[in-house]
Amino acid sequence: MDKLAVLKQYFGHDAFRPGQETLVDAALSGRDVLGIMPTGGGKSLCYQVPAMLLPGVTLVISPLISLMKDQVAALRSAGVPAAFLNSSQDLEEARQVWGAVRRDRVRLLYVAPERLENARFLELMASREIRMVAVDEAHCISQWGQDFRPSYLKIADFVASLPRRPVVAAFTATATARVQEDIALRLDLRDPVRVVTGFDRPNLFFDVRRPGRRKAAALLSLLAERRDRSGIVYCATRSAVERVCEELEAQGFSVTRYHAGLSEEERRENQDDFQFDRKQIMVATNAFGMGIDKSNVSFVIHYNMPKNLESYYQEAGRAGRDGEAADCILLYGPGDVATARVLLSRGDEGPDPQGMERLEAMVDYCKTDECLRGRILSYFGQPHPDRCGSCGNCQGLFSAADITVPAQMILSCVKRVRDKLGYYVGASLIVQVLRGSGSRRVRALGLDELSTYGLMREVPREQLAAYLDCLEAKGYLCTEAEHSTLRPGPGAGGVLFRGERVSMTSRVERQTAPPVRKQRDVPVATDEGLLSALKAERTRLARQEGVPPYIIFSNAALADMAAKEPRTMEEFLEVSGVGRVKAQRYGETFLAVVAAWAASAE
Ligand code: ADP
Ligand code: ZN
């Protein structure tokens with residue numbers, strides 16, 4: 001069998017994606033490889049295809065115990081002899097895997113890096129023919145990366161200890177050059193064939209919304225527009241997760257939650273509910289995600305700003321892994337910067353100057369009116385056009401207004417209140433003074449005697465809130481994290497005393513329908529009725545077999561099936577994502593669904 005036959009027979013694909021073939025060829029010819037591809041780019045095939053063609057067993061090192069089981073289940077259901085060894089298994093299961101490995105019945109063996117510290121395992125490996133060691137999430141070897149795992153450092157010694165040096169193949173979605181160098185160095189890669197594919201994810205739509213102090217309402221309306229879809233809402237803190245989750249539940253959304261404060265059992269349960277499509281929305285901190293491989297996540301909404309663009313792109317990138325159009329929306333509020341600063345200064349390694357720099361780039365992303373995709377790509381050193389045409393900023397129209405006068409009023413009010421009281425107060429009290437609300441608290445403090453009292457009586461509350469947000473976003477005001485008091489920022493003096501102008505850009509949503517988004521590999525589904533019938537069948541089978549639905553077929557495969565309407569087994573094999581074993585296993589069932597649909601449509 002050759003590589004294309006393996007690709008078709010086991011994985012159901014007709015062609016390699018850019019980069020995949022180069023890496024497969026390199027591994028087959030005995031060269032080390034380093035594959036840098038974005039999430040969803042198709043890294044796994046780069047070692048799975050060679051594993052089927054090389055003699056002996058390919059060892060796959062992956063940090064994600066929770067993923068292994070699903071990955072192996074997916075491979076087995078495609079007819080690939082794969083297995084895993086990890087601490088979640090009972091003794092009997094582990095014994096069976098050991099036996100199968102001894103009898104050369106396993107082509108792909110998944111283990112966590114910690115396994116390389118187990119002497120008996122090392123003995124077993126030394127007795128087998130290991131032609132390839134594939135290192136998934138290889139950035140875990142680097143202290144410069146996000147998810148350093150000390151046990152990854154053992155991999156090079158392990159490889160060196162084998163009787164014959166296997167091909168070492170490393171894969172990651174992390175783009176920074178420093179991490180790439182670190183991977184090559186610490187894994188001791190020998191003159192690796194390196195492929196860096198574009199980091200762009202054309203099927204993802206990026207947007208930043210600035211709802212000011214009305215984030216919760218903004219979130220609700222975003223979710224209401226996506227009622228039947230599955231997605232993740234990321235929050236910065238556990239308490240925010242609890243609050244948001246409760247609110248969504250009260251509004252009747254199908255929602256669950258995940259953060260490090262929950263028991264392991266509850267985390268597992270909630271993750272499964274989401275993974276198995278029993279719950280549509282996952283509200284989580286950044287603790288959630290490394291362990292999931294759900295391909296039909298159709299939106300990722302950030303309720304708070306993450307601390308850098310690496311984290312943002314990684315988290316947002318969990319949307320649309322099936323290649324279908326998906327949305328990545330960040331709800332930015334000025335308070336987010338303060339929260340991120342606090343989280344950074346509390347980091348395990350203490351305050352981190354690099355972290356502050358990276359935070360700046362993240363804040364820029366939230367404030368820019370340039371192309372959002374372009375911002376991300378240039379951050380990762382990738383080429384990109386000026387305007388992508390498919391992000392919120394490229395599709396929005398902007399209008400700029402001169403707000404120097406209201407800015408002066410607000411800043412002087414903040415200053416005068418402070419002069420009168422001897423301390424700074426929060427935004428709500430400032431708003432009350434400016435609007436001349438005459439509340440008991442304002443009067444009790446004597447603030448109704450100030451010359452700025454009632455100065456902005458005519459300005460609607462919403463407008464005033466937008467001014468405050470803008471001034472904060474531009475650094476003329478800042479919110480002190482601990483007491484959330486509003487103080488003048490570094491730029492305030494220029495506006496108050498040196499006549500500097502302030503302008504506010506606001507985005508006007510375009511009235512016309514947005515252009516059709518680019519999709520990858522996904523034919524336009526011709527008939528929604530057939531597609532939902534196919535999905536229902538997939539759900540039924542998934543329940544029956546106790547696996548997540550995408551293990552049976554991906555959304556992309558079902559969409560292609562709906563478009564091709566196969567009537568025979570041969571036609572069924574033409575569907576993208578359908579290999580020989582899956583056709584044998586599920587062909588008749590799905591063909592029956594197509595036939596029944598066709599009969600009812602006639
Ligand atoms: P990664 O590990 O890089 O995040 P995966 O290996 O999980 O990505 O692949 C992502 C998706 O792309 C999977 O659904 C897979 O079936 C699909 N895919 C990978 N290679 C191809 C290909 N050559 N043709 C069509 N689909 C592919
Ligand atoms: Zn753009």
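Colleague: Which residues of helix 5 are buried?

Modeller: Buried means under 20% relative accessible area, with a 1.4 Å probe and protein chains only. Here they are Ala94, Val97, Trp98, Gly99, Ala100 and Val101. This is a predicted model: local features need pLDDT of at least 70, side-chain atom pairs count only at pLDDT 80 or more, and totals for chains, interfaces and linings use all residues. Residues are numbered from 1 along each chain as written, ligands from 1 in the order written, and side-chain values use heavy atoms, without hydrogens and water.

Colleague: What covers the buried residues of helix 5?

Modeller: Cover is read from contacts, meaning heavy atoms within 4.5 Å. The cover includes strand 3 (82-85), strand 4 (108-111) and helix 6 (119-126). Helices (H or I, at least four residues) and strands (E, at least two) are DSSP runs, numbered from the N terminus.

Colleague: Which protein atoms are the donors of the zinc ion (ligand 2)?

Modeller: Donors are N, O and S atoms within 2.8 Å of the metal (3.2 Å for Na, K and Ca); water is not among the atoms, so sites may look incomplete. Here they are the SG atoms of Cys371, Cys388, Cys391 and Cys394, 2.3 to 2.4 Å from the zinc ion. Their sequence spacing is C-x16-C-x2-C-x2-C. Cys371 lies in the loop between helix 14 (353-367) and helix 15 (372-379). Cys391 lies in the loop between helix 15 and helix 16 (392-395), 20 residues apart from Cys371.

Colleague: Is Cys391 buried or exposed?

Modeller: Cys391 is buried, at 0% relative accessibility. Cys371 is buried too, at 3%.

Key. Buried < 20%, exposed > 50% of the residue type's maximum accessible area, 1.4 Å probe, protein only.
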